[in-house]
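Here is a friendly briefing to read alongside the model. Please keep the viewer open as you go through the points.

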Amino acid sequence: MTEINYWLMKSEPDAYSIDTLKNESETLWDGIRNYQARNFMRKMNKRDKVFFYHSNCKPPGIVGLMEVIDLNIVDPTQFDKDSKYFDPKSKPENPKWDCVKVKFISKSNKILSLPELKILFSEDELLVVKKGNRLSILPVQKDIAKIILEKL
DNA sequence: GCCAACGTTGGC
DNA sequence: GCCAACGTTGGC
């Protein structure tokens, strides 16, 4: 029985939104090209919960909840020449990028906006409230996650 | 290994 | 459109 951990993953709603996930019910979280973000995905376990954060939109904030359902999947987009995530340096015998599969759990009734997150939490508690933070995948401490869950 | 230049993310 | 905060790249 592995422990349930909490994460936050960002996506621009123009590229992939909570509504798209709701329709598709599950998706590969591919296209991650940042080592720190990739390494966080490697630390995930099945059944971990993930807050879905809409970035680069107005207003930015947490819009729903997902669950990790599959791990360590080779990111197919790194070998797809037509994909914007194509990585010519990655070889099939030694793939650089992998990802997880997530499923939709719920869409929140109200967006938990970044300003609200800033009121609730400090930079140290919740990295997403840190100015200029660009990491698209972040761990969320359990006590912080509980507070967020109550607000969704 | 250092570091300057450049690129990207994403809030505002 | 601006800019802060990084990550990446490449010359040396």
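P59 sits in the loop between β3 (49-54) and β4 (61-74), where helices (H or I, at least four residues) and strands (E, at least two) are DSSP runs, numbered from the N terminus. This is a predicted model, in which local features need pLDDT of at least 70, side-chain atom pairs count only at pLDDT 80 or more, and totals for chains, interfaces and linings use all residues. Residues are numbered from 1 along each chain as its sequence is written, chains are lettered from A and ligands numbered from 1 in the order in which they are written, and side-chain values use heavy atoms, with hydrogens and water left out.

**Backbone details**

- The peptide bond that joins K58 and P59 is cis, with omega about 0 degrees.
- R47 is not a glycine, yet it has a positive phi of about 85 degrees; you will find R47 in the loop between α2 (35-42) and β3.
- R47 counts as partly exposed because its relative accessibility is 42% (buried means under 20% relative accessible area, exposed over 50%, partly exposed in between, with a 1.4 Å probe and protein chains only).
- N72, in strand β4, also is not a glycine and has a positive phi of about 50 degrees.
- With 58% relative accessibility, N72 counts as exposed.

**The sheet and a helix on it**

- Six strands make an open sheet with mixed pairing, in the order β2-β5-β4-β3-β1-β6; two strands pair if DSSP finds at least two bridges between them.
- The edges are β2 (26-28) and β6 (137-140), each with a single partner strand, so one side of each has no neighbour in the sheet.
- From one strand to the next, the twist averages 35 degrees (axes are lines fitted to C-alpha atoms, for helices over the stretch in contact, and angles run from 0 to 180 degrees between N-to-C directions).
- β4 pairs with strand β5 (residues 98-113) in the antiparallel sense over 10 bridges, and D70 has K101 in β5 as its bridge partner.
- Packed on the sheet is helix α4 (residues 142-151), which touches β1 (6-11), β3, β4, β5 and β6, contact meaning heavy atoms within 4.5 Å.
- The direction of α4 makes about 100 degrees with that of β6.

**Around DNA strand C**

- Which residues surround DNA strand C? They are N34, Y35, Q36, K89, K130, K131, G132 and R134, where near means that a heavy atom of the residue lies within 4 Å of the molecule or strand.
- Of the atoms of DNA strand C that come within 4 Å of the protein, 79% belong to sugar and phosphate.
- R134 places a polar side-chain atom 2.9 Å from a base oxygen of DNA strand C.

**Around DNA strand B**

- DNA strand B is surrounded by K10, Y53, S55, N56, P60, L114, K118, N133 and R134.
- Sugar and phosphate make up 76% of the atoms of DNA strand B that come within 4 Å of the protein.
- A phosphate oxygen of DNA strand B lies 2.8 Å from a polar side-chain atom of Y53, and a phosphate oxygen of DNA strand B is 2.5 Å from an N or O atom in the side chain of K118.
- R134 also has a polar side-chain atom 3.1 Å from a base oxygen of DNA strand B.

Conventions
Polar contact = N/O pair within 3.5 Å; in protein donor to acceptor, adjacent residues only side chain to side chain.
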